[in-house]
Amino acid sequence: MQKEVAMSLQPAPVSEAVEMHLYPEEFKAFVGSFPTGVTVVTWGGEDAGGMTVNAFASISMDPPLVMVSLGQGCRALAPVLREGRFGINILSGDGSRAAVAFASGKTANLGDFAWRSGPQGAPQLTEDSTASADCEVHQVIHAGDHTILLGKVCQVTASGTAPLGYLRRRFAPWT
């Protein structure tokens, strides 16, 4: 006989008397210990471009939703919100050149990479990605110093090649 477990959807109360300080370096070391894939979020329009992002996840199958987290002041946020759509390019194992280029403080020149315009207008990296998705902005959530975008996936392509991984500030192909 299985015992039923009551679950609360409310967070447990936290004592206000306990105050802990977490140093940014400690937090970076913690999150840097989690291996991630590497994506380039792209946007269309007059100032079409891309930005390397590793805060990406699938959220829902029905409807098909993904999540990306963008810093409040990053160069991708305003054009993505203005266009109302964006692309997600999951970089392939040999896509570290694109990862580095799109991670720089300025927008990388899309002309330096093979790409095509996706159905929603966002650039899809054709040689540096193992999979790409065209998304419409579904929901915007402000969280701390970042904005979380939920994107409704409208179209995908996938090649099946090994993706690029990132751990402790290093890229490596996953096999």
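Predicted model: local features only at pLDDT ≥ 70, side-chain atom pairs only at ≥ 80, totals over all residues.

Tutor: Residues are numbered from 1 along each chain as its sequence is written, and side-chain values use heavy atoms, with hydrogens and water left out.

Student: How many aromatic pairs are there?
Tutor: Rings of Phe, Tyr and Trp (its six-membered ring) pair if their centres lie within 6.5 Å; planes under 30 degrees apart are stacked, over 60 edge-to-face, and the rest tilted. By that rule, the count is 3.

Student: What kind of pair do phenylalanine 102 and phenylalanine 113 form?
Tutor: Their ring centres are 5.1 Å apart. The angle between the planes is 40°, and that makes the pair tilted.

Student: Is phenylalanine 102 buried or exposed?
Tutor: Buried means under 20% relative accessible area, exposed over 50%, and partly exposed in between (1.4 Å probe, protein chains only). Phenylalanine 102 has 0% relative accessibility, so it counts as buried.

Student: And which class does phenylalanine 113 fall in?
Tutor: Its relative accessible area is 6%. So phenylalanine 113 is also buried.

Student: Why is the pair of tyrosine 166 and phenylalanine 171 called tilted?
Tutor: The ring centres sit 5.0 Å apart. The pair is tilted because its planes meet at 50°.

Student: What is the relative accessibility of phenylalanine 171?
Tutor: Phenylalanine 171 counts as partly exposed. That's because its relative accessibility is 32%.
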